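Work through the exercises below in order. Try each task before you read its solution.

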Number of protein chains: 2
Amino acid sequence: MAQVGIGIIGFGVVGGGVVDVLRRDRATIAARTGVDLDLRAVVSMPPYQSTDVLGATLGKDIALITQDAQIRIALLLVGGTTFAKDLCLACLKAGKHVVTSNKALIAAHGDELFAVAKENKVAVAFEAAVAGGIPIIGALRDGLAANRIESITGILNGTTNFILTMMEQKQWGYQQALSEAQRLGYAEADPTLDVNGTDTAHKLAILSRIAFGIRVPLSALRIEGIQNVTAQDMASAARLKSRIKLLAMATQRPEGLELHVAPTLVPLDHPLAAVHMNYNGVFVVGSASGPQLFTGQGAGALPTASAVLSDVIDVALGRAEQTFGSYGFFNQPKPPAFLAEADERTASYARFATPDKPGILAGITQILSVRGISIRSIYQGETDDQGQASIELVTHPARGGDFLEAVAEIDRKGLTTAPSVCYRRL
Amino acid sequence: MAQVGIGIIGFGVVGGGVVDVLRRDRATIAARTGVDLDLRAVVSMPPYQSTDVLGATLGKDIALITQDAQIRIALLLVGGTTFAKDLCLACLKAGKHVVTSNKALIAAHGDELFAVAKENKVAVAFEAAVAGGIPIIGALRDGLAANRIESITGILNGTTNFILTMMEQKQWGYQQALSEAQRLGYAEADPTLDVNGTDTAHKLAILSRIAFGIRVPLSALRIEGIQNVTAQDMASAARLKSRIKLLAMATQRPEGLELHVAPTLVPLDHPLAAVHMNYNGVFVVGSASGPQLFTGQGAGALPTASAVLSDVIDVALGRAEQTFGSYGFFNQPKPPAFLAEADERTASYARFATPDKPGILAGITQILSVRGISIRSIYQGETDDQGQASIELVTHPARGGDFLEAVAEIDRKGLTTAPSVCYRRL
């Protein structure tokens, strides 16, 4: 059995996970797949003091990989989009295939990297960039290759899903849940890119490229995070037999592609409602396959290493080159045709803080009715000590712009005592 | 773009689905994957009168495929293991790759077919043989290639899952649910191979080969069907916050592999409990990936066609040949080391029909206790008009043989008035 030389760039959580899997299971993987992975170099800044990298050379110079003729595949396991991009280009130009877990890099610079890879007759693979250990890229690219993808609805960020799960199960506020996530290592010290939806958006852009063959400029994505979700919102959702999840959604409509990231009410009987804690879930509807759900751990050393190494094996077997060379979406992404937010079609939830006087409910329902928005369910709680009442409702699917205009009018006309709270509902 | 010639053998539900997908989406698939699929022949007995097979030649002679030099891939979409095997061998010997949905064929004759394929430098692919449109073969083989698979727990037969769902939701008996399944086309006129677990066992054998690298002789599989599941069993399961599902299970233990098909109590908080109706679900635990769930439609014309065509594209791109040539489990399956039923380790459920007299519960618990079986929960209903009581319990995991011996002793000692009912519990 021939050995396949590999080099790791970035010896953090994921790099450490890859080394752990190879330490334990190199022989098992070789027996199973016919691919014997020989780790020859680990490039890392700062250079770690670890003495156990399976006999590989440990250093900080990328030449350890680019100038080693025995290394066929570079595992690019660092974050960011500047230094990481330079390293990626250096490897591709040296004729090394690149396997990466860096979603921001692929989302922001995929076009350029894929073109350079093609020039140098090597492949770029990135299963680990989306949904950790869940083989969702392979499923969309290969398993569902004969389908037109009709929609993708994903919980793609374990940090935010953990926070929302804590808020729901413990009735905590956002800050308390975030602190707990940080304490347990599910959220970083600076959680901004997770909680504001950016990380989820990167993943949605990558999935959309594979599913719909389009390039998605990140600037074109509408992104809402979870920072403003309150304990009251969670309680409202529960009353309406729903949970709030941060969803990435891509839906093909006759008029174009709906694409956004937003906290959304997910009814309890939808399969994604059961995706808890730090798990990820991707719900895909294919024209032939029908609806499918994929769930699993979306981050962490070993799940991500599982995805990285599946790509490494795919490359080592020569499979990735064929995919990469043949599939249109790597090199000829179609121009995107996105729907504006106003033109999206969605069911919605709104909570109105209302004064306790006659005619309020009639006023609200009249404004919705004029725009052709029909109400699916409605809930009015007891009036509180301050004479405030709360009216909550869920609509049937309607044009999103019409709903938002209606709510704006409701607020403007003085039917509410505070700005209304709105969410999409799945 | 080069055309890839394909031929279909068997123009039933699945063959029709493949033609439907090609009719609608041939150009889309070509643009996406770089593979333009040219259907050149449809071989079917009886020869259908349909005039629309996309211009392909329609006939009953396999030579339409084996002797057409333009056809690279034969889609073997007939059932059974005798005639289908001859057709498969004829195609392989003619140098055609074979893509098949026939699970019985692969389960029974995989070794021989893989060997002949290897001699003739072609591949056999069978994503459609398990779980219909769910790309579970690809996920296990490629996506989780770097994992030792620790367990597979699957709902792999849509017919039985539909029947069990109807029994649960409508409180029907088995016969009424079966009739409804037949009326709706989810069950065949002769449903034997579905309801007795044979179809599920074929699929378990195939998944086990890929996941554990072993050959599974069908004779080595313990198979229980759903024919004896009663409305009372369903009600008991519900009371214990569980549902009864027909599960295929493969669990790697230090001492060997546990492998069986059996109706099993699935707690409501387990992801497989939410796999309803005719859906399939596969719950896989990998050493690196952790737990993952895949769900979707496990049968039907279009979902199965989705899987068939994903294999066809994999073959056409040259990817399947590399997998087939390199992966150990196709050509060097390991000798299996199965655990005997008595040595399986499982939580269990039992329902005892007991006379209403003192000492019964003490007797039952004493017999379990002596064998080291500890009770997780217990339920005793009201005594009925005939003086019969019912005691139900769920145990913590224990050696299966010890539990069955205990129940046999309980029945033998006259503590019950009818043979006790037992199920595994997940």
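Two residues are in contact if their C-beta atoms, placed from the backbone, lie within 7 Å. This is a predicted model: local features need pLDDT of at least 70, side-chain atom pairs count only at pLDDT 80 or more, and totals for chains, interfaces and linings use all residues. Residues are numbered from 1 along each chain as its sequence is written, while chains are lettered from A and ligands numbered from 1 in the order in which they are written.

**Exercise 1. The two chains**

Solution: Start with the count. Next, locate them. Helices (H or I, at least four residues) and strands (E, at least two) are DSSP runs, numbered from the N terminus. Now sort by kind.

**Exercise 2. Symmetry**

Task: State which rotation superposes chain B on chain A.

Solution: The rotation is 180°, with 0.0 Å of shift along its axis and an RMSD of 0.1 Å. The two copies are therefore related as by a two-fold rotation axis. Then check the surfaces.

**Exercise 3. Strands**

Task: Work out how strand 12 of chain A meets strand 12 of chain B, parallel or antiparallel.

Solution: These two strands run antiparallel, joined by three bridges. Two strands pair if DSSP finds at least two bridges between them. For a landmark, A:T295 stands opposite B:L293.

Task: Give the strand order of the six-strand open sheet in chain A.

Solution: The order is 3-2-1-4-5-6, with parallel pairing. Strand 3 (57-59) and strand 6 (124-125) of chain A each have a single partner strand, so one side of each lacks a neighbour in the sheet. Further in, strand 1 (residues 3-9) and strand 2 (residues 36-43) of chain A pair over seven bridges. There A:Q3 faces A:D36.

**Exercise 4. Helix 11**

Task: Decide whether helix 11 of chain A is mostly covered or uncovered.

Solution: Helix 11 of chain A is mostly covered, with 15 of its 16 residues buried. Buried means 20 or more other C-beta atoms within 10 Å of a residue's own, exposed means 12 or fewer, and partly exposed lies in between, with C-beta atoms placed from the backbone. Just after this helix, A:G318 takes a positive phi of about 85°.

**Exercise 5. One arginine**

Task: Describe the surroundings of B:R222.

Solution: B:R222 sits in strand 8 (residues 222-223) of chain B. Second, count. B:R222 has 15 C-beta neighbours inside 10 Å, so this arginine counts as partly exposed. Third, list contacts. B:R222 touches B:H260 and B:E341, leaving out residues up to four places away in sequence. Last, compare with B:E392. B:R222 and B:E392 are 170 residues apart in sequence and 25 Å apart in space, C-alpha to C-alpha.

Note on methods. Least-squares fit on C-alpha atoms with pLDDT ≥ 70 in both.
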